[in-house]
Amino acid sequence: MDAKAILFLIFSGVMLLAAVRVITARNPVHAVLFLVLAFFSAACLWILLAAEFLAIALVLVYVGAVMVLFLFVVMMLDINVDRLRQGFWRHVPWGVGIAALIVLQMWLVLSQPAWQGMNRAGPGIAGVDNIKALGKLTFTEYVFPLQIAGVILLVAIIAAIALTLRGRKDSKSQDPSRQVRVRRQDRVRLVAMATENDARQTKKV
């Protein structure tokens, strides 16, 4: 076993443990942090596969932008953790069964002899930088799926902002529309009050 295989086992093991902790952590903030660790481990696996651009993009886009957004949303939302954990153990057998089925399908596909030559570069790819090849495919054959994915991410960002802007009882805010529609009579009111001399004359009478 060479050093590359040892690093693959280490990074894949850390990624699997982090993925398990994402769904088993009781604190949502801890779950997000474990997801960040899983992304870093996946980036290390991409580097082992000589796809350094995908690894850097995974760290910059998901860890640096998307996961920070998720972390802020989770911290700002009032999540009742106890209510979310009530039916967790009841659905564990179903989750384990589905995960085992997915692993079985992956093993059946990857164990075929046709996949043994996947590491060899195909025609037109040998000697080409992976960044150049990825950019060529992204902006030619997969330009429309890329635009659709961007629209979906935009909708997700708008939904996250809308969730955090809901009204809360303990927050104080101003209504700009009411401030614009205010009248002079609503701001200042003149009240007629008796002077000190009038009060003395009333006592003498």
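## Helix packing exercises

α3 and helix α6 (residues 130-138) pack with their axes 8 Å apart, at an angle of about 70°. The model is predicted: local features need pLDDT of at least 70, side-chain atom pairs count only at pLDDT 80 or more, and totals for chains, interfaces and linings use all residues. Residues are numbered from 1 along each chain as its sequence is written, and side-chain values use heavy atoms, with hydrogens and water left out.

**Exercise 1. Classify the packing of α3 and α6, then name the residues that meet.**

Step 1. Take the angle of about 70°. Axes are lines fitted to C-alpha atoms, for helices over the stretch in contact, and angles run from 0 to 180 degrees between N-to-C directions.

Step 2. Apply the classes: under 35 degrees is roughly parallel, over 145 roughly antiparallel, 65 to 115 roughly perpendicular, the rest oblique. α3 and α6 are therefore roughly perpendicular to each other.

Step 3. List the contacts (heavy atoms within 4.5 Å). Glu-52, Phe-53 and Leu-54 of α3 meet Asn-130, Ile-131 and Leu-134 of α6.

Step 4. Sort by class. Ala, Val, Leu, Ile, Met, Phe, Trp, Tyr, Cys and Pro count as nonpolar, Asp, Glu, Lys and Arg as charged, and the others, Gly among them, as polar. This contact has four nonpolar, one polar and one charged residues.

**Exercise 2. Find the aromatic pair and place its rings.**

Step 1. Rings of Phe, Tyr and Trp (its six-membered ring) pair if their centres lie within 6.5 Å; planes under 30 degrees apart are stacked, over 60 edge-to-face, the rest tilted. The whole structure holds one such pair.

Step 2. Phe-39 and Tyr-62 form a tilted pair, 5.5 Å centre to centre with 50° between the planes.

Step 3. Phe-39 lies in helix α2 and Tyr-62 in helix α3, so the pair ties together parts 23 residues apart in sequence.

Step 4. Check exposure. Buried means under 20% relative accessible area, exposed over 50%, partly exposed in between (1.4 Å probe, protein chains only). Phe-39 is buried at 19%; Tyr-62 is partly exposed at 41%.

Conventions:
Helix = DSSP H or I, 4+ residues; strand = E, 2+ residues; numbered from the N terminus.
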